[in-house]
Amino acid sequence: MVTYCIWCCDPTHLPIPAEKPVTMRSSLTMVGTLWAFLSLVTAVTSSTSYFLPYWLFGSQLGKPVSFSTFRRCNYPVRGEGHSLIMVEECGRYASFNAIPSLAWQMCTVVTGAGCALLLLVALAAVLGCCMEELISRMMGRCMGAAQFVGGLLISSGCALYPLGWNSPEIMQTCGNVSNQFQLGTCRLGWAYYCAGGGAAAAMLICTWLSCFAGRNPKPVILVESIMRNTNSYAMELNHCLKP
């Protein structure tokens, strides 16, 4: 007489594997975490310096004046009796064509593009710290290449900046003796150095760290896990159907 284990064959009584608690896993290595942090620091440093009007310091009508590529603090206006007075406030130029020189217009575009690229890479790197399988080893290297290009664009903007020191507006601020790569009575500001330093760090340090940032894909482990689960269910069913 053949008997079957009806209880075992009931699908409702089959053992259900316990669900593992969901944990936040990173797609980055330890070096990748350092890379993400440095990427964020360099991107924020360069972008903040780009927007702050403290690239160049001088004076006009006895008042301190500062510039960036598209912004200025303290500027002269015509007052009563056609006399010049200084308005002590910061703001950007009214239009792109109002930027004092062609070199500074090019610098604005090139540096802005570089900062945008560094910010995009930094955002993706930070997301990689919280999301599994977002950044692979190859993806990390591609992002490092993008950082190199972004740093190169910002460095090019910093190199173009001195070409605009011979414009009339800058010469009035620098004692009428400034010229290309000659500051006259002006001096470079801290924001210029921060932008250049952030670009150099992105090109040299972040690009190198990105080569070791992502984890290697492991499809074999995924296949093995699926096969183990399949085999466990097959063994249970085989045990239930045994006479």
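This report describes the annotated spans, the sheet, the aromatic pairs and a nonpolar patch of a predicted model.

## Basis of the model

The model is predicted, with local features needing pLDDT of at least 70 and side-chain atom pairs counting only at pLDDT 80 or more, while totals for chains, interfaces and linings use all residues. Residues are numbered from 1 along each chain as its sequence is written, and side-chain values use heavy atoms, with hydrogens and water left out.

## Annotated spans

An unreviewed UniProt entry gives the annotation "transmembrane region" to residues 34-57, 102-130, 142-163 and 190-212; such annotations may be inferred rather than shown by experiment, and their positions are given in the numbering used here, with feature names shortened. Residues 34-57 are 75% helix and 8% strand, and the end C-alpha atoms of this span lie 35 Å apart. For residues 142-163 the end C-alpha atoms are 33 Å apart, with 86% helix and 0% strand. Helices (H or I, at least four residues) and strands (E, at least two) are DSSP runs, numbered from the N terminus.

## The sheet

Five strands make an open sheet in the order β4-β3-β2-β1-β5, with antiparallel pairing, where two strands pair if DSSP finds at least two bridges between them. At the edges are β4 (84-92) and β5 (187-188), each of which pairs on one side only. Strand β1 (residues 56-60) is joined to β5 in the antiparallel sense over two bridges, and L56 stands opposite L188 in β5.

## Aromatic residues

There are 13 aromatic pairs in the structure, a pair being rings of Phe, Tyr and Trp (its six-membered ring) with centres within 6.5 Å, counted as stacked if the planes are under 30 degrees apart, edge-to-face if over 60, and tilted for the rest. The ring centres of Y50 and F51 are 5.1 Å apart and their planes stand at 75°, so this pair is edge-to-face. Y50 is buried, with a relative accessible area of 9%, whereas F51 is partly exposed at 47%; buried means under 20%, exposed over 50%, and partly exposed in between (1.4 Å probe, protein chains only).

One aromatic cluster is formed by W55, F67, W104, Y161, W165, Y192 and Y193.

## A nonpolar surface patch

L40, V44, L119 and V126 make a nonpolar surface patch of about 290 Å². The elements giving two or more residues to this patch are α2 (30-51) and α3 (102-128). Patch residues have over 30% relative accessible area and no salt bridge, with like charges joined within 9 Å and nonpolar side chains (Val, Leu, Ile, Met, Phe, Trp, Tyr) within 5 Å; a salt bridge is a side-chain nitrogen of Lys or Arg within 4 Å of a carboxyl oxygen of Asp or Glu. V44 is found in helix α2, and its relative accessibility of 42% makes V44 partly exposed.

Notes: Accessible areas come from the Shrake-Rupley method with a 1.4 Å probe; for residues, only the protein chains shown count as cover.
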